[in-house]
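Entries follow in the order I checked them.

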Amino acid sequence: MATADESHDVESAPEAYHDLLERAEKLTNLEMASMALGWDQRVMMPEGGTPARAGQLSTISGVSHDLLVDDEVGEWLAELESVDLTDEQAAVVREMRREYERSAEVPSELVERLTAHQAEAQQVWQEAKGEDDFEQFAPALEQLRDLHRERAAAIDPDANPYRVLYEDSQPYLPLETVEDIFEDLRDGLVPLIERIEEDGRELPSVFRDPEYTYDEADQMALSEAVVDLLGYPEEHGRLDTAPHPFMSGNQFDARITTRFKESDPIDALTATIHEFGHASYQLGLPKDEYGNPLGQSRSSGVHESQSRFWENHVGRTKPFWELFLPRMKAQFPHLEDVTVDEAYAAVNRIYPENLIRVEADELTYHLHIILRCEIDRAFVEGDLEVSEIPAVWNDKMEEYLGVRPETDAEGCLQDTHWSASFAVFQGYTVGSVLAAQLDATIRDDLDVDGLVREGEFEPIWEWMTDHVHRYGQRYPTEELIEVATGEPLTADYFLEYVEEKYGELYDL
């Protein structure tokens, strides 16, 4: 993998900088320990382990918070304000100052309560979803909202709480920028979807056979095959299952999960490729910067650009299916007569009637995100009661997608996010838009389709590492996007991409 052009000069740095780096490494180690415990809770922990796990995570968060807001950290940061630093050193100080300032007024007791409740809410959500019972989850959700609002008020009592929470996961990318992108997407996608439904040809659905079910062991074998093909290193990762697919880890240990749908193997396959994309970012971060901001990913939106790039701009392309269809046929012999064109069309077919975000096609996906952001914001800002969420959710699904969930498990309980955080869904659309922008840029340098067709994925991964991963948090979000693509974030490339791709697929 590529390395940064400039080395991170530590030796010549002042003592306060060394002290700050040492504190950053301790905080990173605690964060990674917490992440490992969270991974275990969602993948392997027995159901009865939640009370102890909540206490463990709460304790770690309290210790981390105390280390971050310690008076010494404030003194080091103040001392470094007047020191001439290299660009890399200045970036580390900038990120540590941001974290310090966003935490200094938040009581440790609140941090511990919030973390413990997040762990408990995760278990409650899993049980409520399994039993299709939103009322079971509602009290935990309301309490979590109140705790997040309390934390937001401590960070900035004069700011809108939703905006404060948004800045947790999307630093240095104004909310107004994302809202403008949402408007551009709504204006472009809704008419395109309508044209497809009214005038588009019927695409095959060769992987969805009502008379055939796909065995989970076979689907896991297929998922293992695809990550092996993409170059996912066994010594630095693992593939498991979870109720909601996710990635967890760092540049040494980046684990992914998937889940299976017996009626459609594409669901697990694309989820696996998606999570591989997240892992590729973590594994592409500079290993010698582990423990400080230069070795950490930039934001959830940038992270999502990597997963959406690999899922959509690699895994849903015709060259990929020229390469991978024989492997799929070997796993599922009843697909022997499926052609590459049929497979390519099937994995890109839009399903406006689909209820589930993680199973959504590239077009309707963003309508799922927009409705979540609207409900999310209204709830955090106090304009929506927790008891109203199921009905409002269903109404918006009907308004935006023309379908109405019959159960809460298919509606407002489908996502795990509200068992932990709010104001995070924007990252998915930011990621999709940025993925298209990166795709347009990488194709100026590489024959992406040719590499995919030949199964040569390393140059693609190396390009992403060279243009995105290696910088860690060296640049603020907007600046990183310009460094990587040559221009500010825009929805133009995504809209051009889907207009061309789906116009061709549906003969519009």
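This is a predicted model: local features need pLDDT of at least 70, side-chain atom pairs count only at pLDDT 80 or more; totals for chains, interfaces and linings use all residues.

Entry on the helix pair. I looked up α13 (residues 340-348) against α20 (residues 492-505). Their axes lie 11 Å apart, and the packing angle is about 125 degrees. Angles of 65 to 115 degrees count as roughly perpendicular and those over 145 as roughly antiparallel. I therefore logged α13 and α20 as oblique to each other. The crossing of α13 past α20 is left-handed. From α13, I found Y344, A345 and N348 in the contact; from α20, K501, Y502 and L505. By class, I noted four nonpolar residues, one polar and one charged in this contact.

The unreviewed UniProt entry puts "active site" at E275. I located E275 in helix α10 (residues 265-284). Is E275 buried or exposed? E275 counts as buried, because its relative accessibility is 6%, and the cut-off is under 20%. Beyond neighbours within four places in sequence, I found E275 in contact with P245, F246, M247, I256 and T257.

The unreviewed UniProt entry lists "binding site" at H274, H278 and E304. These span 31 residues in sequence, yet no two of their C-alpha atoms are more than 8.8 Å apart, so I logged them as gathered at one spot. I then checked H278, which lies in helix α10. H278 is buried, at 10% relative accessible area. Leaving out residues up to four places away in sequence, H278 touches M247, H303, E304 and S307.

Notes. Residues are numbered from 1 along each chain as its sequence is written. Side-chain values use heavy atoms; hydrogens and water are left out. UniProt positions are given in the numbering used here, feature names are shortened, and annotations may be inferred rather than shown by experiment. Helices (H or I, at least four residues) and strands (E, at least two) are DSSP runs, numbered from the N terminus. Buried means under 20% relative accessible area, exposed over 50%, partly exposed in between (1.4 Å probe, protein chains only). Contact means heavy atoms within 4.5 Å. Axes are lines fitted to C-alpha atoms, for helices over the stretch in contact, and angles run from 0 to 180 degrees between N-to-C directions. Angles under 35 degrees count as roughly parallel, over 145 as roughly antiparallel, 65 to 115 as roughly perpendicular and the rest as oblique. A crossing is left-handed if the near helix is turned anticlockwise from the far one by less than a right angle, and right-handed if clockwise. Ala, Val, Leu, Ile, Met, Phe, Trp, Tyr, Cys and Pro count as nonpolar, Asp, Glu, Lys and Arg as charged, and the others, Gly among them, as polar.
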